[in-house]
Amino acid sequence: NAVISGLHQGEYIVTLDLPENVVMTELNGQKTAQRGMTQWMAVVNAMQESIYTIKLAKTGSLTVPLENVGNAAVMVNGDAESFELTADANGVYAKQHVMPDLYEIVVTLPAGRYELDDTEWWLDDNGDGTYTASLYYDVLGAAENVLPAISRNIIGSVSGQVVNQKGDAMSGVEVVISRSGADNYENLYLH
């Protein structure tokens with residue numbers, strides 16, 4: 001609580017300079033989301049104290065690990081704040097000083113095949129080879145919040161032709177390609 005006393009009756013501007021890793025989340029029971037230099041109007045009545053109840057919270061960091069993924073769009077949407085994450089020079093999507101809140105994280109992924117570290121992610125096929133992954137995540141203050149990873153599977157290509165013993169090209173030959181140790185396989189038909 002902040003108590004203002006010994007002042008003459010009137011209106012005053014109260015200024016609170018918050019450190020970078022702290023946010024004001026509530027003032028006199030009213031939710032707010034204020035950073036840095038915070039100000040409000042204080043009314044001082046004659047012969048009375050003015051009491052202000054302030055709630056502060058430490059911010060946290062948020063990291064969305066994307067492995068082998070370039071050109072993704074990462075949107076973070078919450079009640080307190082919303083923002084877009086961009087990759088740093090190392091390809092890491094992260095932000096410091098995120099307000100504690102429940103956020104929806106939406107990742108638009110380029111074409112490819114993806115593996116999710118955790119079933120918390122919802123993966124939707126956009127119909128054009130791209131995908132959208134989303135989840136709800138409660139960012140905690142004074143903590144490093146690292147989401148489950150999304151990995152893009154690197155897919156190779158196979159080319160060539162099937163020839164008979166004389167070296168003549170053949171068509172209509174079924175070629176089965178399977179991963180070593182995998183139970184599933186895909187049929188590829190050459191014509």
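Where is the place of Asn-68? Asn-68 sits in the loop between strand 9 and strand 10. The legends below describe this loop and other parts of a predicted model.

**Figure 1. The chain as a whole is built from strands, with zero helices and 20 strands.** The view shows the chain of the predicted model. Of its 191 residues, 29% are buried. The chain exposes about 12,700 Å², and carbon and sulfur atoms supply 47% of that area. Among the contacts with a separation of 6 or more, 62% are between residues 24 or more positions apart.

**Figure 2. Asn-28 and Asn-68 are two residues with positive phi.** Most residues other than glycine have a negative phi. Asn-28 is not a glycine, yet its phi is positive, at about 50°. Asn-28 belongs to the loop between strand 3 and strand 4. With a relative accessibility of 37%, Asn-28 counts as partly exposed. Asn-68 also has a positive phi, near 60°, and is placed in the loop between strand 9 and strand 10.

**Figure 3. Three strands form an open sheet in the order 9-18-14.** The pairing in this sheet is mixed. Strand 9 (66-67) and strand 14 (113-116) are the edge strands, and each pairs on one side only. Strands of a sheet pair through backbone hydrogen bonds, either parallel or antiparallel. Strand 9 and strand 18 (residues 150-153) pair in the parallel sense, over two bridges. Within this part of the sheet, Glu-67 stands opposite Ser-151 in strand 18.

**Figure 4. Tyr-114 and Tyr-131 form an edge-to-face aromatic pair.** A search of the whole structure finds three aromatic pairs, and the one shown here joins Tyr-114 to Tyr-131. A pair of aromatic rings is described by the distance of the centres and the angle of the planes. For Tyr-114 and Tyr-131, the distance is 5.9 Å centre to centre and the angle is 75° between the planes. Tyr-114 lies in strand 14 and Tyr-131 in strand 16, so the pair ties together parts that are 17 residues apart in sequence. Tyr-114 counts as buried because its relative accessibility is 12%, under the 20% cut-off. Tyr-131 has a relative accessible area of 21% and is partly exposed.

**Figure 5. Ser-134 is a buried residue of strand 16.** Strand 16 covers residues 131-139 and includes Ser-134. The relative accessibility of Ser-134 is 15%, and therefore this residue counts as buried. Which residues is Ser-134 in contact with, leaving aside its neighbours within four places in sequence? They are Glu-104, Ile-105, Val-106, Glu-120, Trp-121 and Trp-122.

**Figure 6. Glu-26 and Lys-55 form a salt bridge between two strands.** The count for the structure comes to two salt bridges. In the bridge between Glu-26 and Lys-55, the closest N and O atoms are 3.9 Å apart. This pair links distant parts of the chain: Glu-26 is in strand 3 (residues 22-27) and Lys-55 is in strand 7 (residues 54-58), 29 residues apart. Glu-26 has a relative accessible area of 17% and is buried. For Lys-55 the value is 44%, which means that this residue is partly exposed.

**Figure 7. Glu-81 and Arg-35 meet in a salt bridge.** Their side chains are 2.9 Å apart, N to O. Glu-81 lies in the loop between strand 10 (73-78) and strand 11 (82-85), and Arg-35 in the loop between strand 4 (30-34) and strand 5 (37-44), so the pair ties together parts that are 46 residues apart in sequence. Is Glu-81 buried or exposed? Glu-81 is buried, with a relative accessible area of 14%. Arg-35 counts as partly exposed, at 32% relative accessibility.

**Figure 8. Ile-13, Met-41 and Val-43 form a nonpolar patch on the surface.** Together the three residues have about 280 Å² of accessible area. Ile-13 is part of strand 2 (residues 10-17). Ile-13 counts as exposed because its relative accessibility is 56%, over the 50% cut-off.

Notes:
Residues are numbered from 1 along each chain as its sequence is written. This is a predicted model: local features need pLDDT of at least 70, side-chain atom pairs count only at pLDDT 80 or more; totals for chains, interfaces and linings use all residues. Side-chain values use heavy atoms; hydrogens and water are left out. Helices (H or I, at least four residues) and strands (E, at least two) are DSSP runs, numbered from the N terminus. Buried means under 20% relative accessible area, exposed over 50%, partly exposed in between (1.4 Å probe, protein chains only). Contact means heavy atoms within 4.5 Å. Two strands pair if DSSP finds at least two bridges between them. Patches are made of residues with over 30% relative accessible area and no salt bridge: like charges are joined within 9 Å, nonpolar side chains (Val, Leu, Ile, Met, Phe, Trp, Tyr) within 5 Å. Accessible areas come from the Shrake-Rupley method with a 1.4 Å probe; for residues, only the protein chains shown count as cover. A salt bridge is a side-chain nitrogen of Lys or Arg within 4 Å of a carboxyl oxygen of Asp or Glu. Rings of Phe, Tyr and Trp (its six-membered ring) pair if their centres lie within 6.5 Å; planes under 30 degrees apart count as stacked, over 60 as edge-to-face and the rest as tilted.
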